[in-house]
Every structure is written in C-alpha cells, then in structure tokens.
Amino acid sequence: MSTERFAEIRRTTRETDISVKLTLDGTGVAAVDTGIPFMDHMLTLFAKHGFFDLVVKATGDLEVDYHHTMEDLGLTLGEALSRALGDKAGIRRYGSFILPMDEALALIALDLSGRPLLVFDVKSPAPMIKDLDVRLFHEFFQALSVKAGMNLHVRLLAGEEVHHVFEAIFKGFAKALDQAVGFDPRVTGVLSTKGTL
C-alpha cells in the first residue's frame, strides 16, 4: 500500500488548459485559480473540509462561456482522484454526509465503486451566482463522477440562499469523500465480494 496518495494531472484542449495536483492525505491546503472566482471559493473549501491538499490552475475560453472550464475541471479532478486512489486497497469505499450551511441543508452520498453515476437532485433558489449559471455545477459533478468512477448522489434538502446551497454541497461532498477514501483496518484488499473495484 502506497504511503503517499498523490496525483498530478494536466488536461489541455483547444478550449481549456487545466492542471490539478491532489494529495488525499493532506491538511486542507489549497491554491486554486480557475478564472471563475466562485469556483475558486468552492474548490478551496472542498480541500479544507476534506483535508485534501489541492493545487488547481485553469485557463479556459471564459469569454465564450464558463461551460468548457467547469466541465473540464470536473474531468481533471476526477482523473486525479482516480489515480491518487490507485487500487483502492483498504479504503472504506462509501461515504455520506448531511451538511447544514445556515438555512441550507445538503445530503451527499457516494460510492467509489468504479461505476460512474450522478443523481443530482438540486432545485436551486436562483439561476445564477453573479455571472455563473448554477446548472454548470451539474456538468462539473457529472464529469467528476465519470472520471473518478464514482456513484454520487447530491440532494438539496433545504435552502433559500444560492451561495449557501452550493457551499453546503461542496462542503458535504468533501466530508463524504474524506470518509470514503479513508482506510479501515478491517478491510483486506478491496471492499467488494468481486475482489476488485
């Protein structure tokens, strides 16, 4: 079992250039520059509350739309997570968290099963956060779940202020993922009767 669970990924297309460095067993230190200030905030608190060390540098065609950058951030972070996990030996595999953020309440449940699926049950109280279309968070989590091989459920249970809603979601995701990637000394190999994830 590797002592350091770390990955560095770079994804370059005609639309975006994104690099991600992810350490799963970190201290919550982040340096994030995506060109989308609210996303910088979300990824920074994701690192802090999941105790992940995270470096993200992204440039994209933001003058066209935020879509390409948001989706490619999900793809790159998901690939980094998959690579940092390696063979997933000894991990809990499952994680869940219900997180309150003032009036907002988010439920996150996930399984690092290798079978990607996103269920995103979020009725946002507003369509935009500044100039960011909140529907792009679905694209981000969809791309992340595919590349990470993650079954991810995101459900908003309550929320009236849009900033609080997505902060609750990202913090809850961090806490659930921290559980799932953590080691359980009772697990021999991987937690599956198939013998592989």
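Predicted model: local features only at pLDDT ≥ 70, side-chain atom pairs only at ≥ 80, totals over all residues.
1. K88 sits in the loop between α2 and β5. Its phi is positive, about 65°, although the residue is not a glycine. For background, most residues other than glycine have a negative phi.

2. You will find F51 in the loop between α1 (37-50) and β4 (53-60).

3. Next, the charge pairs. Side chains of opposite charge can pair when their charged atoms come close. How many salt bridges does a search of the whole structure find? The search finds 11. One of them joins the side chains of R93 and D111, with 2.6 Å from N to O. R93 lies in the loop between α2 (67-85) and β5, while D111 belongs to strand β6, so this pair ties together parts that are 18 residues apart in sequence.

4. The cut-off for buried is under 20% relative accessible area.

5. A second pair to look at is D121 with K123, whose side chains meet in a salt bridge at 3.5 Å, N to O. D121 is partly exposed, with a relative accessible area of 28%, and K123 is exposed at 67%.

6. R135 forms a salt bridge with D133, and their closest N and O atoms are 2.8 Å apart. With a relative accessible area of 65%, R135 is exposed.

7. Now to helix α3, which covers residues 136-148 and has 13 residues. From its first C-alpha to its last the helix reaches 18 Å, close to the 18 Å expected at 1.5 Å a residue. Its buried residues are L136, F137, F140, F141, A143, L144, S145 and A148. After α3 comes G149, which has a positive phi, near 65°.

8. On the surface, have a look at the patch of negative charge where D102, E103, E160 and E161 gather. Where is D102 found? D102 is in the loop between β5 (94-101) and β6 (104-111). D102 counts as exposed, since its relative accessibility is 61% and the cut-off for exposed is over 50%.

9. Lastly, a word on E4, in the segment before β1 (6-12). E4 counts as exposed at 53% relative accessibility. The C-alpha atoms of E4 and G189 are separated by 17 Å, and these two residues are 185 residues apart along the chain.

Definitions and conventions. Residues numbered from 1 in each chain as written. Heavy atoms only, no water. Patch = residues over 30% accessible without salt bridge, like charges linked within 9 Å, V, L, I, M, F, W, Y side chains within 5 Å. Areas by Shrake-Rupley, 256 points an atom, 1.4 Å probe, with all protein chains shown as cover. Salt bridge = Lys/Arg side-chain N within 4 Å of Asp/Glu carboxyl O. Lys, Arg positive; Asp, Glu negative; His and termini not counted. Charge placed at Lys NZ, Arg CZ, Asp CG, Glu CD. Helix = DSSP H or I, 4+ residues; strand = E, 2+ residues; numbered from the N terminus. Buried < 20%, exposed > 50% of the residue type's maximum accessible area, 1.4 Å probe, protein only. Expected span 1.5 Å × (residues − 1).
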